[in-house]
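Biologist: I've got a new structure on screen and I'd like to learn how to read it. Please take me through it one piece at a time.

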Amino acid sequence: MGKNAFTVRGNKTYLNEKPVLVRGLRCSNGLYSEKAAAELINNLGVYASAGLNAISVFFMGNRYGNVKGYRRDAALEPVYAERMAHIIKAADDLGIIVLVGCLYWEESQAKWTDWTQREANLAAANTGDWLRSMDFNNVFIDVDNEGMARARAGFDTRELILAAKSGGASCPVASNYIGPAPEEADLCIHFSHFNKNKPYIETEGVPENAPGAYWNRYSKQDSKICNYGTSDYQNYINIGVYTPEMKEDQIKRSNTHFDRGDGYMLASTWLQAAAPYGPNHNPGGNGSADNPGIAWWLDYTKKRFGDKK
């Protein structure tokens, strides 16, 4: 039985009936391998000591990770479900909230391109049912990362949210696409429009002043140089590397969200890179080319939040 319960009432988030400001890391490729999952679990205490209380992990793995957490029939793939269970249980022991991600539809090869709305709904429903059956309550669900499946495959977000809830899950379900959240969504995250009646969490926070944009030219090979998309190099560049200006912007944006009572979760190529360069669930270093990592951001959160849950 889970020790902790994450809930939403009105426009506030709660952990065990106490208001909680969500602060965390996007570890979306956490299921990539047994090694990656173990490293994530082993670093949860480090995150907690830095004042963090949340992580995100996806069943359908992100770009380059390509974790295929669902079978073609939308059933959970047992090996990945087992890894997810170990991560959620370890997080629960430390009072850490886990965003459980379902669909990732952009450049990831983990998607089933022949899925219709029916299979997508089943994946969301099976995820909700599995969380209920495992009695995991320190969680919430993102049915469609950045609304990618909505944009690329035409899947209806409201149907996905209702499907996740139909699976019996009592945990909150989030909306994450550019537009107003469906009424049935419990909270708004990342791309979702703000809604004064729902909580908001930036679940993929990055510096907005990276040269060429953080998730674009700054982090990916120029297609004119390496023919990106067909190149043998299928991974990020500048992994865990930040200029002083980027770090300053990242901290400023973090403070802006925290100061107005919104949650914030850092995303980074350091955390999301695929083998052999990641995923890296240890904090690493100060973000320089010689000492890449996100330890500098954990230093910031520790200074601001200490050991607060």
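Modeller: One term to begin with: a residue is buried under 20% relative accessible area, exposed over 50% and partly exposed in between, using a 1.4 Å probe and protein chains only. What you see is a predicted model, where local features need pLDDT of at least 70 and side-chain atom pairs count only at pLDDT 80 or more, while totals for chains, interfaces and linings use all residues. Residues are numbered from 1 along each chain as its sequence is written, and side-chain values use heavy atoms, with hydrogens and water left out.

Biologist: How many Å is the polar contact between the side chains of Arg63 and Tyr236?

Modeller: A polar contact is a pair of N or O atoms within 3.5 Å; within protein, one must be able to donate a hydrogen and the other to accept it, and residues adjacent in sequence count only if both atoms are side-chain atoms. Arg63 and Tyr236 make such a contact through their side chains, at 3.4 Å.

Biologist: Where does pLDDT stay under 50?

Modeller: pLDDT is the predictor's confidence in each residue, from 0 to 100. The protein's mean is 93, and 95% of its residues reach 70 or more. Where pLDDT is low, the predicted coordinates should not be read in detail. The stretch where pLDDT stays under 50 is residues 223-229.

Biologist: On to rings. Which kind of aromatic pair do Trp215 and Tyr236 form?

Modeller: Rings of Phe, Tyr and Trp (its six-membered ring) pair if their centres lie within 6.5 Å; planes under 30 degrees apart count as stacked, over 60 as edge-to-face and the rest as tilted. By this rule there are 19 aromatic pairs. Trp215 and Tyr236 are 5.6 Å apart centre to centre with 50 degrees between the planes, and the pair is tilted.

Biologist: How many residues apart in sequence are the parts tied together by Trp215 and Tyr236?

Modeller: Trp215 is in helix α6 (residues 213-217), while Tyr236 is in the loop between α7 (223-226) and α8 (244-259), so the pair links parts whose separation in sequence is 21 residues.  Trp215 and Tyr236 are both buried, and the separation asked for is 21 residues.

Biologist: Then what about Phe258 and Phe305: what is the angle between the planes?

Modeller: Their centres are 4.9 Å apart, and the pair is edge-to-face. Phe258 belongs to helix α8 and Phe305 to helix α10 (residues 295-305), so this pair ties together parts 47 residues apart in sequence. Phe258 is buried at 4% relative accessible area, and Phe305 is buried at 7%. The angle between their planes is 85 degrees.

Biologist: Which backbone oxygen does the side chain of Trp270 reach?

Modeller: Trp270 is in helix α9 (residues 269-272) and is buried, with a relative accessible area of 10%. Contact means heavy atoms within 4.5 Å, and the residues Trp270 touches include Ile239, Pro279, Asn282 and Pro292. At 2.8 Å, its side chain reaches the backbone oxygen of Asn282.

Biologist: Now strands. Which residue is the bridge partner of Leu25 in β5?

Modeller: Two strands pair if DSSP finds at least two bridges between them. Strand β4 (residues 23-26) and β5 pair in the parallel sense over three bridges. Both faces of β5 are covered, with Ala54, Ser56 and Phe58 buried on one side and Ile55 and Val57 on the other. The partner of Leu25 is Ile55.

Biologist: Last one: how far apart are the end C-alpha atoms of helix α3?

Modeller: The expected span of a helix is 1.5 Å times one less than its number of residues. Helix α3 (residues 117-133) has 17 residues, so it should span 24 Å. The model agrees, since the end C-alpha atoms are apart by 24 Å.

Note on methods. Helices (H or I, at least four residues) and strands (E, at least two) are DSSP runs, numbered from the N terminus. Lists of a residue's contacts leave out its neighbours within four places in sequence.
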